[in-house]
Amino acid sequence: MAKGLNRLYYFAFLTCVSDLIFCQIQYVIPEELERGAFVGNITEDLGLTIGEMSFRKFRLVSVDGMQVFKVNTGNGVLVVNERIDREILCGQSVTCSVSQDVAVENPLEMHRVNVEILDINDNSPRFPKMRYALQVSEVTAAGALFPLESAQDADVGTNAVSNYEISTNEHFSLKTRTRGDGSEMAELVLENPLDREQLSSFHLTLTAFDGGTPRRSGTAAIIITVLDVNDYSPVFDHQTYKTNAVENLPKGALIATINAVDLDQGTNGEVKYYLSSHVSHSVRELFSLDPATGQLRVQGSLDYEKKKVYQLDVEAVDDGTPALVGRAEILVELVDVNDNAPELKINPLSIEVSEDAARGTVIAIISATDSDSGGNGQVRCELPPNIPFKLQKSLNGQYNLIVSDTLNRESSPHYNISISAWDAGSPPLSANKTIQVSVSDINDNAPLFTQAVYNVFLMENNAPGTSIFDVTAFDPDVGKNSAVSYFLLDSFTHESSASGRFSVNSENGHLYALRSFDYEIQKKFQIKVQAQDGGTPSLTSTALVNVIILDQNDNAPVIVSPSNYSSSILIVPKSAHPGYLVTKVIATDADSGQNARLSYQLIEAPDHSIFHVGLTSGEIRTTRNFRDQDALRQALVILVRDNGQPSLSSTVSILFTFQSNVTENTFEQKSKPRNPELFSDLNFLLIIILGSTSCIFLFIIIFLVVVKCKQDRNSYCYAFRFCCYRQRNSTGATYCRDVTKANLNYLDSAQTLPIRESYNYTVCLSPESSKSDFLFLKPSNPTLPLDDINTRGTRYD
């Protein structure tokens, strides 16, 4: 089609100026062609061949610098170089063309190529705004014209805007006319009168059409607002408003709300409310009417007894010009109410009552009255529950406040009694008054110790006059009834009085030891302390104080066997093998616990490699075989040390002699001549030695048991009773096992258990030491509470 147009509009003319050859070629194409679209065969139109284009240096020269077109050097065809938009190139111009020059040489020729761009309908009409607002008074006469803004179309000619249309409605139509420049102009025409109260606005659509093919259009919304005029009067919801109001309403209380509606708009529809001029001044003092909200409120004091019904004329006035008025009336009927609360008067007879006051004792007289009449004037009084008081009705409107239950100052020393009175009105009114009653104290509580039994641990050898403990008793009474004094009651412990050994401060309960005590003499005292208040008559209570004496390491070990005063010499056979039991050192300690735990040590010997002393057993054994170079006589010094802090010790010297043909141990024997015939029979000698040794050892054990049991007959086991035995396992370790009892008890008797096959030990233990094999106490102060006792078991190797 473009080629046809080119042929249709093609013409050329030749103009010769001197030696320059000049001609002009005209092409016509539509806009919006794609890049590379055919415009015309310029080489053919200029009478050139394809070969001449290169030889004669064929080229396009832009007049205005735009390269809208280009020549295909392969076929000499002029094509579109970039998309052409006529509206951008020429705007609203009726004609639009683009010119370029063609230059060839040999000879030099200049040709003008002019391409006319034809418009196509590629743009729709557009309004400057998408939404237009128009205001029309409701009294505007029919036939009034309202100009509308025209739509714009970038296209020209027949493709430009050609006509307008409006959406269908009953009140407006559209009229178009042609202006001097040929463009179309639309006007809105009012066909029928408007009524804002029926229809306040219109939403119309204005459409603009162009004349192109295909036909294009654009739309805009037209919002027409109907302006109001004051043509309606305010109208009340009711002509008569009836309401009830209770008397004595507070000022500002809302009674009723009236409402009037004006169909007009804006200030013409704004309504204000007023009391009519017919309302008297006295009524205006009682009521107020809010002009804006129409709320009728109380302004004065309403009294049913003065007037029962009020009639108020009201007006609703709009703000139009002229102002229009609507009228109505309000009937206010007052309702009688119970508007007087009871009145209470209290005449206290006594503000303090003894806690032993008898039931029925009168505390105060109460008068209750109400100025109302009928049921509104009947009054009843009540007290809060769960108090030891009640009201007893006496005369008309009078009550007696009396004691109804037992009083206890210690639990409730004061009572704030709230007396409430209600009348029989609806709703009932009430009044409250409070009377404060104090309960005076009587001596009805004995002092109470913090504990019934106190256990006090006191280290022996204490300094006389030292404070060892504090006892405390409390009395919940007040004043002198709660003043507590402390006394010692004479008590006996194991047939000896404890009162002369202790004293107590009567004011603060400090307990003092008047003497220094010895654990080995007496281990416990029991003191009875009495607390007495200052009331009349005075009340007392007692508590027991167990003073438990703790052991101190003040006794050195006593070596029982062998004696330092013995001149016996122990015979050891030269054939004794390593580990041979030579003898055993037996010692005792009057202390207990760790203080009585003994250890043995060899401190002097001619040759320390021959003998070894068991650390805990005291057994003296050989460590190697006898050698010829060893001395036949050996003097050993054994140290026996307890485990106290600081530890105490004793020593014993033992003489040994090595002899041949002796195979058994001999313990502490006196030197005396022996019948040589006895040694002739070795077996018989062995029997005699063994029998003698057993008898001596058994005698020593019995002696120690008797002595120890006499010492510890009065021993007291304060926390535990246990049994202990030693048992060697395959590794040679010794273990201790305890069996505890939770209750305090006396150690009835010492118990002996086998330690080895041949030896028994009597063990008496007490809980004073922290390093015991069994269960002991560690005192850190002269006095310790019972809870600080720690118990544990220990393994010894």
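These are my notebook entries from a look through this predicted model.

**Confidence**

I started with the pLDDT, since everything else here is a prediction. The protein chain averages 79, and 81% of the residues score at least 70. I noted both stretches and moved on.

**Strand S20**

Next I picked strand S20, residues 271–275, and asked which side chains lie on its covered face. I found Val271, Tyr273 and Leu275 there, while Lys272 and Tyr274 make up the uncovered face. In general, side chains in a regular strand alternate between the two faces of the sheet. I wrote the residues down in order along S20 and got covered, uncovered, covered, uncovered, covered.

Which way does S20 run relative to strand S23? The two are antiparallel, and five bridges join them. S23 spans residues 309–318. I also checked what faces Tyr274 across the pairing, and Glu315 in S23 stands opposite.

The bond from Thr536 to Pro537 is cis, with omega near -5 degrees. Pro537 sits in the loop between strand S40 (524–533) and strand S41 (540–550). The bond from Ser561 to Pro562 is cis as well, with omega near -5 degrees. That proline, Pro562, is in the loop between strand S42 (558–561) and strand S43 (569–573).

Then I turned to positive phi outside glycine. Lys57 has a phi of about 55 degrees, and I found Lys57 in the loop that runs from helix H3 (50–55) to strand S4 (59–62). Is Lys57 buried or exposed? Its relative accessible area is 51%, so Lys57 counts as exposed, the cut-off being over 50%.

Asn461 also has a positive phi, about 65 degrees, without being a glycine. I placed Asn461 in the loop between strand S34 (453–459) and strand S35 (466–470). With a relative accessible area of 39%, Asn461 is partly exposed.

**Aromatic rings**

How many aromatic pairs does the structure hold? I got 14. A ring pair is described by the distance of the centres and the angle of the planes. I opened up Phe502 and Phe517: the centres are 5.2 Å apart and the planes are at 20 degrees, so this pair is stacked. Stacked needs planes under 30 degrees apart.

**Charges over rings**

The charged end of Arg215 is over the ring of Phe209, 4.2 Å from the ring centre. For Lys523, the charged end sits over the ring of Tyr519, at 4.7 Å from the centre.

Note on methods
Residues are numbered from 1 along each chain as its sequence is written. This is a predicted model: local features need pLDDT of at least 70, side-chain atom pairs count only at pLDDT 80 or more; totals for chains, interfaces and linings use all residues. Side-chain values use heavy atoms; hydrogens and water are left out. Buried means under 20% relative accessible area, exposed over 50%, partly exposed in between (1.4 Å probe, protein chains only). Helices (H or I, at least four residues) and strands (E, at least two) are DSSP runs, numbered from the N terminus. Two strands pair if DSSP finds at least two bridges between them. pLDDT is the predictor's confidence in each residue, from 0 to 100. Rings of Phe, Tyr and Trp (its six-membered ring) pair if their centres lie within 6.5 Å; planes under 30 degrees apart count as stacked, over 60 as edge-to-face and the rest as tilted. A charge sits over a ring if NZ of Lys or CZ of Arg is within 6 Å of the ring centre and within 35 degrees of the ring normal.
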